[in-house]
Amino acid sequence: MLRLLVLRGTLGKNTQIRRKSSSSEIRDTYVEYFVEKHGHKHIKSSSVVPLCDPTVPFVNAGMNQFKGVFLGVVEAPCTRAVNSQKCVRVGGKHNDLELVGMDGHHHTFFEMLGNWSFGDYYKKDACQMAWELLLGPYRLKPENLLVTYFAGDAVIGLEEDKECRDIWKQIGVPLSRIKAHGARDNFWEMGPTGPCGPCTEIHYVHPDGSLTEIWNIVFIQCN
């Protein structure tokens, strides 16, 4: 999910206007960026009620469309894909019900934007594309962004993802804006078994110092 700043202004004495990017503008910008600039195929959102997946009552993440590809039972529809998947989260590991209404970014129904590479590009290109979209079409300022990456975890036997850290440095993110976090925050998995891997997240830093995660790039390299 992406949160964009709301601009406020006044017309007359008691009339206030609010100008912001609509959800359709955010979605269209995202899809067009990956289709037109980076050759992705647009995969339309599937129904929130899975037609061929009895493991979940509702689609709860953008990756659900491609679970068969990750599990190796279905061929990828293309090498590069982009989607905006409608999601419902009411149970399971990603149960946000206790947080809904407590802040501005936890919802039971939402759309999850995603770009996917099936045996094509990897860490460097994924990070570069994300950064260019945020600073370009979305017009966010780099000083308002913070990047996190996987710090490693002795329990699961994985070392620090220094490759990802160095990629962000090469892109131009200062070290003060790159933080290493453990498996709880920067290792992605959907359950006790199956495809998983380290991830890197981009956060928006609010004036009070609080963070809102706006992008999560998952490197599915483990099982």
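Buried means under 20% relative accessible area, exposed means over 50%, and partly exposed lies in between (1.4 Å probe, protein chains only). Keep those cut-offs in mind for the tour.

This is a predicted model: local features need pLDDT of at least 70, side-chain atom pairs count only at pLDDT 80 or more, and totals for chains, interfaces and linings use all residues. Numbering starts from 1 along each chain as its sequence is written, and side-chain values use heavy atoms, with hydrogens and water left out.

**Whole chain**

Select the protein chain. It holds five helices and 10 strands. Both are DSSP runs numbered from the N terminus: helices are H or I with at least four residues, strands are E with at least two. Of the 223 residues, 38% are buried. Areas come from the Shrake-Rupley method with a 1.4 Å probe; for residues, only the protein chains shown count as cover. Contact means heavy atoms within 4.5 Å. Among contacts with a separation of 6 or more, 64% join residues 24 or more positions apart.

**Stop 1: R139**

Select R139, in the loop between α3 (123-135) and β6. R139 is not a glycine, yet its phi is positive, about 60°. Is R139 buried or exposed? Its relative accessible area is 63%, so R139 is exposed.

**Stop 2: β6 and β7**

Move on to β6 (residues 145-150) and β7 (residues 178-181). These strands pair in the parallel sense over four bridges. The chain gets from β6 to β7 through helix α4 (residues 162-171), in a right-handed β-α-β crossover. Right-handed means that, with the strands pointing away from the viewer, the path from the first strand over the helix to the second runs clockwise. Strands count as paired if DSSP finds at least two bridges between them. Pick V147 next: its bridge partner in β7 is I178.

**Stop 3: the loop between β3 and α2**

Select V49, in the loop between β3 (41-43) and α2 (67-70). V49 counts as partly exposed because its relative accessibility is 42%. With V49 they form a nonpolar surface patch of about 210 Å² accessible area together. Patch residues have over 30% relative accessible area and no salt bridge; like charges are joined within 9 Å, nonpolar side chains (Val, Leu, Ile, Met, Phe, Trp, Tyr) within 5 Å. A salt bridge puts a side-chain nitrogen of Lys or Arg within 4 Å of a carboxyl oxygen of Asp or Glu.

Finish at N64, in the loop between β3 and α2. N64 counts as buried because its relative accessibility is 12%. Which residues does N64 contact, leaving aside neighbours within four places in sequence? Show V56, F58 and V59.
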